[in-house]
Amino acid sequence: MSEQKKNPIKIMEEMIDKFTETKWARGLRITSGVAWNLLLVFIIIGITMSVFAASVGAGYFASLVAKEPLRSKEEMRTNVFTYEETSELYAGDVYLGQVNSDLERKEVKLEDVSQYVIDAVLATEDEYFETHNGIVPKAIFRGLLQDVTNSDSQTGGSTLTQQLIKNQILTNEVSYERKAKEILLAMRLEHFMSKDEILEAYLNIIPYGRNVVGQNIAGIETAAEGLFNVKAKDLTLPQAAYIAGIPQAPFAYTPFYSQNQGLKEPENLKPGINRMKTVLFRMKETNYITEQEYNEAIAYDIVQDFRKPSLRANERYPYLTQEIQNRTIEVLTKVLAEKDGIDPERLNNEKKIKEKYTILAERSMRIDGYRIYSTIDLALYDEWQKIKDNFQNYGHTYVSTKIDPDTKEDKEVLDPVQVGSIAIENSTGKILAFVGGRDPKIEAMNHSTQSFRQNASTMKPLLVYAPAIEYGVIGAGSPVADVWFETYKYGGKYSPVNFLNRQQLGVIPAREALARSQNVATTRLYEKIIDKRPADFLKKMDFSRLIPKDYGTLTLSLGSITNGVSVEENTNAFATFANGGKFIDAHMIDRIEDMNGNIVFQHESVPVDVFSPQTSYIITDMMRDVLSRGTAQIAKRNLNFNIDLAAKTGTSQGARDAWLVGYNPNISVGVWLGYKDQTMGLDVYSNHYGTPSARVNTLFAKLMNGLNATSPDVVNAQDKFIRPEGVVNRSFCGISGLAPSKACSAAGLVRSDLFNANAFLPNKADDSIISSSFVSMNGAKYQALPSTPSEFVGSGGVGISQKYIDRILAPFGGNPAYLFPENSSFSRNVVAGRAFNADNVAPEAVQASITNSTMTWSKSASNDVIGYYVYTGNGKKVATIRDGQSNSFTIGAGSYFVRAVDITGLQSAPSNTITIEKAVEKEEDVKEEVTPPDSETPVAPPSVTPTPPVTPPVTPPVAPAPGGDDSGDKTPPDSDDSDKEDKE
């Protein structure tokens, strides 16, 4: 009983003691102790290893980022927000397109992006974007595990912040070092930028494959426009999902091929469409869209939304976009150099400095997101291209065959007549339109700005006539001598001629010489002013390729400029006259703005004083005559509106270049035609296409008509040139340019024209006129000799003094007999030249013949014959025939013969005798007899020693080649080519 009443606890303890004393219990106790101790050891080792691994990992991570500098907030934000944005081109305010670039990008603000895009990006690229601090650790470890196990899973570990760091601050290098830096910088960036800023930056920098023209694109705005032709804010759910899926594999998922090859085939579009469906699924799973929205988007045919094929700006406007880009580089070269404190002179004179900043400028233009505004009037530009394309009379196109270096096959090569034209607003210098060439696929050079050619007779007003007026050498109507000459003064024989009929007009007004484009008169006038260096006027008007040699050659006056001049430069120079003598440099870049709208460059015109307003008006008035009665009459006839226009034509040596430059008070237009090969002339097939001058005249008129039709407010055709103070009308003696004398007035030689009162007025009295009886000989008037038979002498003639002859023909001299030829405007009033230096030898006899009742005879071979006497067979004189009259006489029955009479009165031996039995009409009834010399015929006195014959006219060079324009100038390359002709 007492044992049963024992304490239960006591009983349990006893039982345990008995159990522990067993062999099995003792073994279990040992085993559990060991296990516990081992567990403690493993726990300690595990903790130690973890600490060690963490320490090693931290150390390794630290070593990876050890060289990464501590970037400031400002530096990181600047790097993130610095986008390589593509610059845009504008014609005026009309968007043309983007510059030629490897990557197209356009910045957009987050508020201007569709919410569908934002949701799609977050669902696909960064589900925890709103909550993480730059990284998602489990995503990093997942990515590390995939890398260690070489898993092909495409589940990424980068947040949007990390991707931003990779693209804007680091590189795409695949390495642990780059990844470590990315993690560190991502966490740091989250402290410096808001979530919206990070998201906006990401959407602006991420690549999206190719656009409709095959160009690489980046940024959501560029993707929206390039793929669907909409703004980013207007993207639909399917469109947003398609774009959001592209960055995972841009060139697999983009719907377009490269190089403008268009939309991919259906089987090649499938990967991108499948990716779009994946994005939509993730949007549904993350509750960004509903089940219904998902089903509707999945069923939508996204292909129908893809942008239709189109041309890039450089394909639609090849000449224009390239020219704008070239000029932008020139502008930015100066801007960037000035920003770095580089002296402009160094930029101009040091080649390496210029090359450095040109490279920087080109790079800046392509990636810095400028808005480049040009001066081009796009409507006018388009109209001019149509006119250019529809013009039918350029001339012959040569066709040749060459081996293509790529295909090694024969390739047809075309060499057409090229064209260059430009329109410049006078008061501002803005280039409103141009024609760069026939076809950029044939020849990419812009012939209006990049091609430098001899400007032929368009040089005359710029270099000769306007400077001569400015120097006070001439007025508008002052006389100039269009008489042939030869000179060796400028490095070899040089003897210019006038193209049209090889004529010499003698003394003519300066305005007529310019209107008819007389080479000889122009060259003589240039000689009078060349020592004043008139080429300096060209330098002021920015003729960029003048060299010292040009200053000292006569042929420069005819447009033979060594390195040529561009259409832009030539036309710009003529605009100087329209601006009252102030040169305003032509420009095409109006302003450049950065991506934030800040002005980087704004063009400012700086007028340069070149000519006085008086000179400019007078030369303008002279060039009005070029259109009314000179070499540009065809242009005037083809204009379909009235306009106060001044112009000048030009055709260079061998018809290699044909020019017409004209202007009204508001606009200047220049046109050039020629082959690319400067040895080829335009006069090929002139019978079919018209002369080179006629062609350029016609094209000029068509371009002017198009200009007036498209931009009448620019032309303002009703505006007239206004005569400034100081331009006056004065009377003068037409042959000398001096103040009229009584003798000049009596002779009817007084004229009136414009003068610059500030430079030159005809105040000195004329001293050139002397009274003279005259004879006509070889079409010219000469003073009669005392022995000249009176019946050949005209009364009331006006002679000229030797002093005048020496002055008007200085310094080259020339035959005074040609000062007043029959085609001279003074020929009816003036006796040309001094007294004829007769040879005192009887003239050569002539040969007579008869047809019906009209006796005719040949011209005497002697050069001093003033006419002919007709005698009957018995020696009775029955007729006097003066020089210039027909060498014929109607006779009746009987015998007749003819004698030639020279200026001294000597007669030739009689011709053969013509006999008519009776007045008949049939030639076979006429008999010819030889009549012995008449003993009464005067002969040269034997005791008189013959004087040397009169000097014949200067023999001109060989006959001009066919072709040329209305006046036709041929300009030799330089003064050494004295055997070559000068065209207009």
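Author: This is a predicted model. We may begin with a charge and a ring: the charged end of Arg545 sits over the ring of Phe452.

Reader: How far is the charged end of Arg545 from the centre of the ring of Phe452?

Author: A charge counts as sitting over a ring if it is within 6 Å of the ring centre and within 35 degrees of the ring normal. The charged end of Arg545 is placed over the ring of Phe452, and its distance from the ring centre is 3.7 Å.

Reader: Is the aromatic pair of Phe577 and Phe611 stacked, edge-to-face or tilted?

Author: Planes under 30 degrees apart count as stacked and those over 60 as edge-to-face, with the rest as tilted. The ring centres of Phe577 and Phe611 are 5.5 Å apart, and the angle between their planes is 35 degrees. The pair is therefore tilted.

Reader: How many residues apart in sequence are the parts that this pair ties together?

Author: Phe577 belongs to helix 23 (residues 567–578), whereas Phe611 lies in the loop between strand 16 (608–609) and helix 24 (613–629). The pair therefore ties together parts whose separation in sequence is 34 residues.

Reader: Is Phe577 buried or exposed?

Author: Buried means under 20% relative accessible area. Phe577 has a relative accessible area of 3%, so this residue is buried.

Reader: In strand 6, which residue is the bridge partner of Tyr90?

Author: Strand 1 (residues 88–91) pairs with strand 6 (residues 371–374) in the parallel sense, over four bridges. Within strand 6, the bridge partner of Tyr90 is Tyr373.

Definitions and conventions. Residues are numbered from 1 along each chain as its sequence is written. This is a predicted model: local features need pLDDT of at least 70, side-chain atom pairs count only at pLDDT 80 or more; totals for chains, interfaces and linings use all residues. Side-chain values use heavy atoms; hydrogens and water are left out. Two strands pair if DSSP finds at least two bridges between them. Helices (H or I, at least four residues) and strands (E, at least two) are DSSP runs, numbered from the N terminus. Rings of Phe, Tyr and Trp (its six-membered ring) pair if their centres lie within 6.5 Å; planes under 30 degrees apart count as stacked, over 60 as edge-to-face and the rest as tilted. Buried means under 20% relative accessible area, exposed over 50%, partly exposed in between (1.4 Å probe, protein chains only).
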